[in-house]
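Me: I've got a new structure open and could use a quick tour. Can we start with the charged pairs and then move on to the sheet and the cores?

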Amino acid sequence: MRLTSEQMLGHWRRYRRLDPERADCSIELFDGINTDIRLAMEMRSWYLELLDNGDLRHLVLTDIAPRLKLTSVYSGVWQCRLPADVRRVAGISLAGAASEIVPVCGDPGNRFKTLCTNRYSRPDTAFPAAHISDSGLMTLYCAGTASAPVPEAVMAVVDPGDEEYVFNDSALALLYGAGNSYHEESDIK
């Protein structure tokens with residue numbers, strides 16, 4: 001599902017019960033508060049939270065492999081900077097790897113660092129590993145190859161910008177459904 005900011009604002013107005021339910025009259029408010037600006041900020045915040053932490057089944061994944069350029073750091077270790085619009089990477093498929101890599105994000109912990117930086121225990125081409133730092137630097141650990149590993153697919157959650165909202169139809173149920181933190185706060189008495 002692809003919505004413009006105006007279409008998404010329409011959902012937020014209905015969700016916050018700000019759209020009139022009756023079609024035979026009009027309602028005007030003169031309270032000095034621009035509700036659309038406030039709703040737009042809440043809407044954007046909700047959307048970014050969904051992109052960063054939401055269940056992947058509610059999101060549309062984009063293959064960003066063509067946009068990445070891996071460079072060798074040292075033997076068996078490759079790095080690239082993720083594009084600025086990438087919110088998170090869901091999985092990496094490398095040519096020759098036995099399975100998809102789910103990258104470790106943030107602080108990987110001492111054990112991961114020790115295993116990946118030691119040339120004897122570093123993951124190899126069959127079972128590579130990946131780490132993505134908080135600053136968006138992706139590091140692939142793939143010993144046993146002299147050339148850069150070939151990403152067949154790097155599936156990521158991408159932010160399309162302020163003017164567009166892209167997600168699976170099921171994400172609207174999160175907005176309108178019970179249990180949503182915004183839902184409890186929005187009950188207008």
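This is a predicted model: local features need pLDDT of at least 70, side-chain atom pairs count only at pLDDT 80 or more; totals for chains, interfaces and linings use all residues.

Me: Okay, which residue does Asp85 meet in a salt bridge?
Reply: Asp85 meets Arg67, with N to O at 2.8 Å. The two come from distant parts of the chain, 18 residues apart. Asp85 is in the loop between strand S4 (77-81) and strand S5 (86-94), while Arg67 is in the loop between strand S2 (61-63) and strand S3 (71-74).

Me: Why does Asp85 count as partly exposed?
Reply: Its relative accessibility is 23%, and partly exposed covers what lies between under 20% (buried) and over 50% (exposed), so Asp85 falls in that middle class. Arg67 is partly exposed too, at 44%.

Me: How many salt bridges are there by that rule?
Reply: Nine. Another one joins Arg2 and Glu164, at 3.0 Å from N to O. That pair also links distant parts of the chain: Arg2 belongs to strand S1 (residues 2-4) and Glu164 to strand S10 (residues 164-166), 162 residues apart.

Me: And is Arg2 buried or exposed?
Reply: Exposed, with 55% relative accessibility.

Me: What about Lys113, which residue does it bridge to?
Reply: Lys113 forms a salt bridge with Asp107, and their closest N and O atoms are 3.7 Å apart. Lys113 is partly exposed at 40%, whereas Asp107 is exposed at 62%. There's a network as well: salt bridges with shared partners join Arg44, Asp159 and Asp162.

Me: Switching to the sheet. What's the strand order in the open sheet of three strands?
Reply: The order is S2-S9-S5, and the pairing is antiparallel. S2 and S5 each have a single partner strand, so they stand at the edges and one side of each has no neighbour in the sheet. From one strand to the next, the twist averages 30°.

Me: How many bridges does S5 make with S9?
Reply: Seven, in the antiparallel sense, with S9 covering residues 151-158. If you want a spot to look at, Arg88 stands opposite Val157 in S9.

Me: Which helix packs on that sheet?
Reply: Helix H2, residues 35-53. H2 touches S5 and S9, and its direction makes about 25° with that of S5.

Me: Now the inside. Which residues touch the most other members in the largest nonpolar core?
Reply: Ile64, Leu82, Val89, Ile92 and Leu140, out of 20 residues in that core. The elements giving two or more residues to this core are S4, S5, strand S7 (129-132), strand S8 (137-141) and S9.

Me: Which element gives the largest share?
Reply: S5, with four residues. As background, nonpolar side chains tend to be buried together in soluble globular proteins.

Me: Back to Leu140. What is Leu140 in contact with, leaving aside its neighbours within four places in sequence?
Reply: Its contacts include Leu70, Val77, Trp78, Ile92, Ile101 and Pro149. Gly76 and Leu94 are among them as well.

Me: Which residues are in the other core that lies apart from this one?
Reply: That core has 19 residues, among them Met43, Leu50, Leu51 and Ala171.

Definitions and conventions. Residues are numbered from 1 along each chain as its sequence is written. Side-chain values use heavy atoms; hydrogens and water are left out. A salt bridge is a side-chain nitrogen of Lys or Arg within 4 Å of a carboxyl oxygen of Asp or Glu. Buried means under 20% relative accessible area, exposed over 50%, partly exposed in between (1.4 Å probe, protein chains only). Two strands pair if DSSP finds at least two bridges between them. Axes are lines fitted to C-alpha atoms, for helices over the stretch in contact, and angles run from 0 to 180 degrees between N-to-C directions. Contact means heavy atoms within 4.5 Å. A nonpolar core is a set of buried Ala, Val, Leu, Ile, Met, Phe, Trp, Tyr and Cys residues joined through side-chain atoms within 4.5 Å.
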